[in-house]
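I want to look up a helix, a hairpin, a cavity and a few loop residues.

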Amino acid sequence: DSIYHNGMFRTYQIYIPPLYNPAQSSPLVFVLHGGSGNAEYMSAYTQFNLTADTANFIVVYPEGIYTGINVGGQPGHEWADGRMVMLPDSLGIDDVDFISHLIDTISLHYNICSSCVFATGISNGGIMCQRLASELSNKLAAVASVAASFPDSLVSSFAPSDPISILFMNGTNDPITPVIQGGIGLAGGSNISTDSAITLWVNHNLCIPTIDSITLPNINLLDLSTVTKYTYSACQDSTEILFYKINNGGHTWPQENDTLHVPFTGACNHDINGSNEIWNFFRTHCKKQTTSNTDLISSNHSSIIIYPNPASENIYVDSDLKIESVSICDIFGKCIQKHYVGNFSISNLTCGIYIIIVQTSESTISSKFVKQ
């Protein structure tokens with residue numbers, strides 16, 4: 001499918017698991033391909049659909065800007081990950097806004113749990129996930145970056161709005177991107193080291209700097225690699241920072257399904273399944289729900305408070321003027337409810353984005369709200 005965003009059609013693939021039930025909200029996982037990759041390859045490469053089948057979540061494989069046919073003879077795409085060396089960055093593409101709009105679009109068509117939206121990716125896609133965590137933490141609960149770190153060029157503007165859980169899965173012998181020690185990769189553009197990126201997030205999430213580490217069982221002796229797992233768990237809003245250090249690992253996704261690029265990417269670990277480990281992290285790190293989320297909107301004549309937003313059962317509207325009516329309209333402008341009091345039930349609405357229109361004695365004010 002595709003959406004029209006900033007003057008162009010942006011493509012993606014979506015996978016709905018067999019057990020999906022429209023009456024129940026589902027987690028949403030974005031899986032971002034690497035540089036010169038595409039959605040179809042990323043689906044086969046990570047086998048995330050198999051994980052979704054057992055865990056019952058929706059998977060979306062979005063595509064970056066088309067950049068030509070890759071070395072495998074497939075359509076290649078890239079992300080504007082902030083390093084300023086990829087074509088989308090030079091074109092001024094806003095991929096953060098693209099993912100934000102894609103979340104909203106999918107939420108209109110499927111029952112998505114807005115507190116359980118996640119993103120993961122490898123290489124260029126993994127670096128893009130770090131940018132998303134930094135600039136879209138209001139919509140994402142957690143991200144997982146594989147063979148990727150935080151771009152050096154974005155450190156000075158690092159200011160996420162919310163605490164967010166972060167996972168890194170990086171190899172110590174990555175021949176393409178020096179994620180462990182940081183520096184300039186083969187495509188150019190500099191990343192900070194994995195340890196520096198972890199420190200960035202530990203400080204942001206107000207984590208107690210205490211590390212738990214464990215060496216995972218070396219199940220596969222033929223993959224020439226092992227895994228050490230580091231955990232920072234005492235963080236704000238129950239967020240967590242995890243680091244899977246793949247000792248002697250390359251530029252790979254653990255348990256990947258790839259034979260084309262093996263000579264160029266280095267050793268792939270088979271002691272863990274990367275997709276399963278990432279989902280196990282995601283499923284325990286949905287956003288912490290609060291009841292104090294409030295929207296304040298105003299005109300020249302009055303102020304109106306709408307809360308909570310997102311909401312699941314009831315909406316409350318307060319104003320310093322007399323409320324004459326409150327209308328609920330869908331995103332296309334069709335009004336489906338009208339009330340004459342400041343509090344009412346929205347439990348019969350399907351999950352998604354709506355417009356609330358408040359008519360007071362002096363003005364009409366509208367705002368978006370999310371039914372979850």
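**Helix α4**

I began at the start of α4, where a side-chain oxygen of D94 comes within 3.4 Å of the backbone nitrogen of V96. I kept in mind that this is a predicted model.

Next I checked the helix length. α4 covers residues 95-109, and at 1.5 Å a residue its 15 residues should span 21 Å. The end C-alpha atoms are 21 Å apart, so the length agrees.

Which residues of α4 are buried? I noted D95, V96, F98, I99, S100, L102, I103, I106 and S107. The general rule I had in mind is that an α-helix has 3.6 residues a turn, so residues three or four places apart point the same way.

**The β5/β6 hairpin**

I moved on to β5 (residues 65-69) and β6 (residues 75-78), which pair in the antiparallel sense over 4 bridges. I looked up G68 and got G76, in β6, as its bridge partner. The two strands, β5 and β6, form a hairpin with 5 residues between them. In the turn I found G73 with a positive phi of about 80 degrees.

**R83**

R83 sits in the loop between β6 and α3 (87-90). Buried or exposed, I wondered, for R83 at 10% relative accessibility? R83 counts as buried, because buried means under 20%. I then looked for a partner: the R83 side chain makes a polar contact with the side chain of D81, at 2.8 Å.

**Positive phi without glycine**

A147 has a positive phi of about 50 degrees although it is not a glycine. I placed A147 in the loop between β8 (142-146) and β9. Its relative accessibility is 1%, so A147 counts as buried.

Q255 is not a glycine either, and has a positive phi of about 70 degrees. I found Q255 in the loop between β14 (241-247) and α7 (262-265). At 35% relative accessibility Q255 counts as partly exposed, because that value lies between the 20% and 50% cut-offs.

**Cavity**

How many cavities of 30 Å³ or more does the structure hold? I got 1. The largest cavity has a volume of about 40 Å³.

I listed its lining as M169, N170, G171, I246, G249, G250, T252, P254 and N269. β9 (residues 165-171) gives the most to this lining, with 3 residues.

Note on methods
Residues are numbered from 1 along each chain as its sequence is written. Side-chain values use heavy atoms; hydrogens and water are left out. The expected span of a helix is 1.5 Å times one less than its number of residues. Buried means under 20% relative accessible area, exposed over 50%, partly exposed in between (1.4 Å probe, protein chains only). A polar contact is a pair of N or O atoms within 3.5 Å; within protein, one must be able to donate a hydrogen and the other to accept it, and residues adjacent in sequence count only if both atoms are side-chain atoms. Two strands pair if DSSP finds at least two bridges between them. On a 1 Å grid over the protein atoms alone, a cavity is a set of points where a 1.4 Å probe fits but cannot get out, and a pocket is an open set with protein on both sides within 12 Å along at least five of seven lines; lining residues have an atom within 4 Å of a point. Grid points are joined across faces, edges and corners, and a volume is the space filled by probe spheres set on the points.
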